[in-house]
Amino acid sequence: VFEGIPVQMCQFHQQAIITRKLTNRPKLTAGIELKSLSLKLCRSKKNGFIKLLSEWHNRWGDFIKERTLNITTGRWWH
């Protein structure tokens with residue numbers, strides 16, 4: 001029905017999704033930095049936020065691609 005109409009998500013709901021995926025109290029440095037960055041979402045302009053997010057990803061990209069084997073279950077965690 002609404003094909004071709006752009007959709008925009010409000011920043012409140014974007015922040016809620018980030019918090020749900022990241023937790024309120026991340027323990028790893030990468031997560032702490034990402035949480036801090038996410039809190040700047042509402043106060044940043046689009047290009048500025050994209051630049052900060054890109055810098056974070058350049059710094060932590062290899063780390064977030066790592067996998068860990070759970071020796072109890074034999075499953076890989078991303």
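Let's start with W56, which touches A30, E33, L34, L37 and I64, leaving out residues up to four places away in sequence. Contact here means heavy atoms within 4.5 Å.

A quick word on the background, everyone. This is a predicted model, where local features need pLDDT of at least 70, side-chain atom pairs count only at pLDDT 80 or more, and totals for chains, interfaces and linings use all residues. Residues are numbered from 1 along each chain as its sequence is written, and side-chain values use heavy atoms, with hydrogens and water left out.

Back to W56. Together with A30, L37, L41, F49 and W60, W56 makes up the largest nonpolar core, 6 residues in all. By that I mean buried Ala, Val, Leu, Ile, Met, Phe, Trp, Tyr and Cys residues joined through side-chain atoms within 4.5 Å. Buried is under 20% relative accessible area, exposed is over 50%, and partly exposed is in between, using a 1.4 Å probe and protein chains only. Two or more core residues come from each of helix 2 (29–38) and helix 3 (46–65), and helix 3 gives the largest share, 3 residues. Helices are DSSP runs of H or I, at least four residues, numbered from the N terminus. In soluble globular proteins, nonpolar side chains tend to be buried together.

Now, which residues of helix 2 are buried? They are A30, G31, K35, L37 and S38. These residues sit on the same side of helix 2, because they cover an arc of only 160° around the axis; the arc is taken from the directions from the helix axis to the C-beta atoms. Their cover includes helix 1 and helix 3.

On to helix 1 (residues 11–22), where we find Q15. Is Q15 buried or exposed? With a relative accessible area of 14%, Q15 is buried. Beyond its neighbours within four places in sequence, Q15 is in contact with K35, S38, L39 and L41.

N24 has a relative accessible area of 58%, so it counts as exposed. Setting aside neighbours within four places in sequence, N24 is in contact with T19 and K35. The C-alpha atoms of N24 and K35 are separated by 8.0 Å, and the two residues are 11 residues apart along the chain.

Last stop, the segment before helix 1, where I5 lies. At 51% relative accessibility, I5 is exposed. Thanks, everyone!
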